[in-house]
Amino acid sequence: MKNYTICNCKQVTYADVEAALRREKHFDDIAKLFQSVQEITHCSTGCGGCHDKIMDAISEIMSK
């Protein structure tokens with residue numbers, strides 16, 4: 001997948017989300033994964049408009 005910016009406010013890319021998820025041991029709780037990605041990248045802490053895009057990216061990465 002081509003890298004692209006998901007969170008414009010914090011300049012978080014798909015690759016940033018993927019890298020944050022690599023730190024996780026379990027992919028069983030998407031809400032927990034979102035919180036972890038948010039803590040690491042600060043995505044969805046500005047306007048919040050990217051929330052659904054971040055969740056979609058997490059879901060896609062989980063299914064790889």
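Predicted model: local features only at pLDDT ≥ 70, side-chain atom pairs only at ≥ 80, totals over all residues.

Me: Okay. Which residues of helix H1 are buried?

Reply: Helices (H or I, at least four residues) and strands (E, at least two) are DSSP runs, numbered from the N terminus. Buried means under 20% relative accessible area, exposed over 50%, and partly exposed in between (1.4 Å probe, protein chains only). In H1, which covers residues 14–22, the buried ones are Tyr14, Val17, Ala20 and Leu21.

Me: Why do those buried residues of H1 line one face of the helix?

Reply: An α-helix has 3.6 residues a turn, so residues three or four places apart point the same way. The arc here is that of the directions from the helix axis to the C-beta atoms. Looking down the axis of H1, the buried residues line one face because they fall within an arc of 125°.

Me: What do the buried residues of H1 pack against?

Reply: Contact means heavy atoms within 4.5 Å. On that basis, the partners of the buried H1 residues are strand E1 (5–7), strand E2 (12–13), helix H2 (30–41) and helix H3 (51–62).

Me: Let's take H3. Is H1 oblique or roughly perpendicular to H3?

Reply: Axes are lines fitted to C-alpha atoms, for helices over the stretch in contact, and angles run from 0 to 180 degrees between N-to-C directions. H1 and H3 pack with their axes 10 Å apart, at an angle of about 55°. Angles under 35 degrees count as roughly parallel, over 145 as roughly antiparallel, 65 to 115 as roughly perpendicular and the rest as oblique. That makes H1, relative to H3, oblique.

Me: And how many residues of the contact of H1 with H3 are nonpolar?

Reply: From H1, Tyr14, Val17, Glu18 and Leu21 meet Ile54, Ala57, Ile58, Glu60 and Ile61 in H3. Ala, Val, Leu, Ile, Met, Phe, Trp, Tyr, Cys and Pro count as nonpolar, Asp, Glu, Lys and Arg as charged, and the others, Gly among them, as polar. In this contact two residues are charged and none polar, while the nonpolar ones number seven.

Me: Ile61 is in that list. Which residues does Ile61 touch?

Reply: Ile61 lies in helix H3 and is buried, with a relative accessible area of 8%. C-alpha to C-alpha, Ile61 and Leu21 are 8.2 Å apart in space, though 40 residues apart in sequence. Not counting residues up to four places away in sequence, Ile61 touches Tyr14, Val17, Glu18 and Leu21.

Me: Now H1 and H2. Are H1 and H2 roughly perpendicular or roughly parallel to each other?

Reply: The axes of H1 and H2 are 9 Å apart and the packing angle is about 115°. H1 and H2 are therefore, relative to each other, roughly perpendicular.

Me: How many charged residues are in the contact of H1 with H2?

Reply: Here Asp16, Val17, Ala20 and Leu21 in H1 meet Leu33, Val37, Ile40 and Thr41 in H2. Sorted by class, the contact of H1 with H2 has six nonpolar residues and one polar, and the charged count is one.

Me: Last one, on the loops. Is Gln11 buried or exposed?

Reply: Gln11 is found in the loop between E1 and E2, and has a positive phi of about 55° although it is not a glycine. With 53% relative accessibility, Gln11 counts as exposed.

Note on methods: Residues numbered from 1 in each chain as written. Heavy atoms only, no water.
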